[in-house]
Amino acid sequence: MAVQQEAAQEYVPQPKKKEPSELEKRRKKIEPGSLKKAEMRPGGGDARPSDGDQVLYHCTVRTLNGVVVESTRSDNGGKGIPLRHVLGKSKMLLGVVEGLTTMLKGEVAMFKMKPSMHYGEADCPISPPSGFPKEDELHFEIEMIEFSKVKVVNEDLGVIKKVIADGQGWETPREPYEVQARISAKTGDGKVILSHAQGDPYFFTFGKSEVPKGLEMGMGTMAREEKAIIYVTGQYLTQSPLLSTIEGLDEVQFEVELVHFVQVRDMLGDGRLIKRRLRDGKGEFPMDCPLHDSLLRVHYKAMLLNDEKTVFYDTRVDNDGQPLEFSSGEGLVPEGFEMSVRLMLPGELALVTCPPDYAYDRFPRPANVPEGAHVQWEIELLGFEMPKDWAGMDFQSIMDDAGKIRSTGNRLFKEGKFELAKAKYEKVLREFNHVNPQDDEEGKVFLNTRNLLHLNVAACYLKMKECRKSIEACNKVLDASPAHAKALYRRGMAYMEAGDFDEAKNDFEMMAKADKSSEPDSKAALQKLKQTKQVCAVIRKKRSKEAARKQFGGLFDKKPGEIAEVGPEDEANEKEEESTSKEQHKDDEIEEEPLLEDAVEGPRPGLLHRLWPTGGRLFSALGLQRCTIL
């Protein structure tokens, strides 16, 4: 036992040591006496800046005999604009960084620096100005104007935000939200160049280049009613209706109050399905939205997107004033409708503009809605009920609820809604990760149900023409139960659809060995596999001949001045196809195992109709979706 404990202690993973930053590496090389400080004017308070803080300061550099080398102050030849840096992120002289961290707000101090603490440092990240005496010991007079915590919006420090007053909630604007804000702007020397601080707020649409790029980036981090100063350097000062003149501006400080924004979401990312919030709901977005499958209650008004905005349905008029109740995730409403409702808060009112393919072109269309119609829905989410939480439920109750969800999935499968059906099965499988059977009997029920769900997922993937994923789903069953006949059968069908005929043959043969009662299904599957290979061979041969004909233009089929007749080989091919087709029609009489435990699958149209007309006819006679030409 002692040895085991020692071994356990020996292999306890140790936290990785954090790599030192470049500044920390530079600090380790500081020599004693290379930086000295003399206070010229005391500061206020007891707080000092640290790494990550933004510092605003004036700096004048002099030789030891008092000659000014450079300065930010106008009375010393500078521009009068203080320096602004973020400690630990901005490229700065080592002596300046170390000196600033010792200062209080309003303090003025003189720092005597050896060359290794300014531009003479071997690892100095910035180049000295022309003619700068980088090998001399110098005096740096620094005035700490202010320092504060900031949010670095861009890693290149081109956009930085300083919060003045916190906002409400945590939702922030994004493209294409509609924003109202009070904005004023000034240059680094304090000159006001823009003022919307009073009166009506400035209105703009996010992502439409209606404000400078850097300002929009900073405002994209703000919450409702937040106040902030956003520092934007020249490369992010793009022209816009808000600020048309940007020439000669190295940096602008925008003071912003985010008054309000309207959530406008481009649901598909292509501008076709747009949800615009008309009235805020209750709660925090998106945590309090019905993101998961839920029972939803909504009022809605549906309109055609024509000049008259013709109303073709209104729950308050056409449904006796009763709201619509439906369960999400079951394909009971148009896809665009459900996508939008899932991103609404209780009590929210939204206007949704929807294209035909997400409205009624792929959903039972009302009689008064023409084909290809764009529509608008005005939707009010009254409330929703979340699905049952399995925590605290006994095993039988969990299995009963899982059975109901699986039954819903089976119904969706029969309706051809394979993606939705798969989502139902996968939902139960995810929840099963937290279910722990208490005895052997429960364990057997649990394993059988889980295997069934994996096979149903495989069936969905097969219908969706994703053979490899279908095979992976079957493997999850076979990893636990290598002799599971139904899993071998379904994986064999997936291999056959993918064109892996040898793998399919192995699975069909193995299922008969694993379960004697499955021998008839095994023989039928092997016969189907044989016929499929024959069809593929015929199609491949005919495709090769057709390609040759196209390449040589019938050169070998024609006599000079004559149109080529059908030769014996062509007749033989046609007869071979016809014969094969008749054999395949016999296969229609073979009763396949249902893809779902309790849902017999319907006919499966042949994809090869699009690739080769005759081959498609032969292949669909087999009841298969696809054949890969090897």
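Student: Which residue just after helix 11 takes a positive phi?

Tutor: That is Gly 499, with a phi of about 90°. A word on the source: this is a predicted model, where local features need pLDDT of at least 70, side-chain atom pairs count only at pLDDT 80 or more, and totals for chains, interfaces and linings use all residues. Residues are numbered from 1 along each chain as its sequence is written, and side-chain values use heavy atoms, with hydrogens and water left out.

Student: Why is the pair of Phe 326 and Phe 337 called edge-to-face?

Tutor: Rings of Phe, Tyr and Trp (its six-membered ring) pair if their centres lie within 6.5 Å; planes under 30 degrees apart are stacked, over 60 edge-to-face, and the rest tilted.

Student: What makes the pair of Trp 390 and Phe 432 tilted?

Tutor: Their centres are 6.0 Å apart, with 45° between the planes, so this pair falls into the tilted class.

Student: How do you know whether Trp 390 is buried or exposed?

Tutor: Buried means under 20% relative accessible area, exposed over 50%, and partly exposed in between (1.4 Å probe, protein chains only). Trp 390 has 8%, so Trp 390 is buried. Phe 432, at 3%, is buried too.

Student: Why is Arg 224 said to lie over the face of Phe 261?

Tutor: A charge sits over a ring if NZ of Lys or CZ of Arg is within 6 Å of the ring centre and within 35 degrees of the ring normal. Arg 224 is 4.1 Å from the ring centre of Phe 261 and lies over its face.

How values were computed: Helix = DSSP H or I, 4+ residues; strand = E, 2+ residues; numbered from the N terminus.
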